[in-house]
Amino acid sequence: MRKPSSAYTMAIWFPVICSWIAIIGIVVTSATQVIYGTYIWDPVAIVAEWDGPSGRAAAFFAGLSWVIAQLCVNISANVITVANDLTSLFPKYINIRRGALIAAVVGGWIMVPWKILTSASSLLTFMNNLGIFLAPTMSILITDFWIVHRRRLDVPALYQPHGRYRYTRGFNWRAVVAFLVALVPLLPGMANAVNSSIEIGGLIHLVDMNFYYGYFAAMFVYWGLSAVWPAKETLVDEMIEGLGIERGVAETGSEEGFDEIKGEKRKARVSQDLVRES
C-alpha cells in the first residue's frame with residue numbers, strides 16, 4: 001500500500017459496501033416471498049424461476065457476473081494468498097503456481113464447498129464456526145503489532161528465516177498458547193453445531209458470543225504472556241524500513257551521516273544484504 005491514506009479509505013468504504021450487499025440480499029429475499037410465495041435465499045434458485053426470452057437473457061448475464069465475481073474474489077483473496085503462504089513455508093518444494101493449484105484442489109474439491117451452500121442454515125453454521133478460528137488469529141495479530149511491538153518492526157527481518165522474529169524454533173509459543181486458550185472452550189459449540197444431539201450444557205451461552213470471547217481472550221492472554229516473558233530480540237526502538245534507508249543515504253550523501261541521524265535504522269541495510277544473499 002503506497003499511501004497510508006488508502007487504509008483509511010478502505011476502513012470507511014469496506015463496511016459501507018458490505019452493509020449494502022447485505023441489505024440487497026435481505027430485500028431480494030423478502031421480495032421472493034411476495035412474488036413466488038416463499039422465501040428464496042439462494043440467488044441461483046431465484047434465477048431458475050425466470051422464464052421466457054427476457055428471463056433467460058437476464059439469467060445469462062447474472063450467471064456471467066457471478067462467474068467473474070467468483071474468479072476475481074477467489075484468485076485475489078484466496079488462491080494468491082494461500083500460494084504465497086505455502087511458498088514461504090516450503091520454498092524448496094512449492095512455488096506460486098504449485099501453491100495456487102493446491103489451493104484450488106483443497107478449496108474447490110476436498111472441502112466440498114457445495115455442501116456448505118446446501119441451505120441457509122448450513123452456510124450460517126459454517127460462517128459462525130469460521131469465526132471461532134478467525135477471531136483469536138486476528139486478535140493476536142492486532143495485539144502484537146499495536147500493543148506488544150507498538151508499531152515498531154524490523155521489516156527486512158520479517159523475511160529472514162533465522163532473523164530476530166524466528167522466536168523458538170520458528171514458533172511464537174505465546175501466540176500458540178493464546179490461540180488455544182481462545183479456541184478450545186469453543187470447540188464443543190462447533191461439535192454441537194454439526195451434531196445437535198451433542199449436549200454442551202452452559203457452554204452454549206459462550207458459543208453465542210464466540211467471536212467476542214475468542215478475540216478478547218486471545219488478546220489478554222497474548223498481551224499478558226508478552227509482558228511477563230517478552231521476546232526481547234523482537235523489540236526495536238523504532239520502525240526499520242529498508243526503503244527509508246536508501247532514501248536517507250541519498251539525502252545525506254553517506255551511510256555514516258545517516259547513521260548519526262537515524263541510529264538503529266542502519267540495521268535495515270544489513271538485513272537487506274542478508275535477504276539478497278539468501
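This is a predicted model: local features need pLDDT of at least 70, side-chain atom pairs count only at pLDDT 80 or more; totals for chains, interfaces and linings use all residues.
Residues count from 1 along each chain as its sequence is written. Local features need pLDDT of at least 70, side-chain atom pairs count only at pLDDT 80 or more, totals for chains, interfaces and linings use all residues, and side-chain values use heavy atoms, with hydrogens and water left out.

**Exercise 1.** Work out how helix α6 and helix α7 cross, and which residues make the contact.

- Start with the helices: these are DSSP runs (H or I, at least four residues), numbered from the N terminus.
- Take α6 (residues 120–148) and α7 (residues 173–183): their axes come within 9 Å and cross at roughly 145°. Axes here are lines fitted to C-alpha atoms over the stretch in contact, with angles from 0 to 180 degrees between N-to-C directions.
- Now list the contact (heavy atoms within 4.5 Å). From α6 come Ile132, Phe133, Pro136, Thr137 and Ile140, and from α7 Ala175, Ala178, Phe179, Ala182 and Leu183.

**Exercise 2.** Find the buried residues of α10 and say what covers them.

- Set the cut-offs: buried is under 20% relative accessible area, exposed over 50%, partly exposed in between (1.4 Å probe, protein chains only).
- Go along α10 (residues 210–228): Asn210, Gly214, Tyr215, Ala217, Ala218, Met219, Tyr222, Leu225 and Ser226 are buried.
- Look around them: the cover includes α6, α7 and α9 (203–208).

Conventions:
Helices (H or I, at least four residues) and strands (E, at least two) are DSSP runs, numbered from the N terminus. The expected span of a helix is 1.5 Å times one less than its number of residues.
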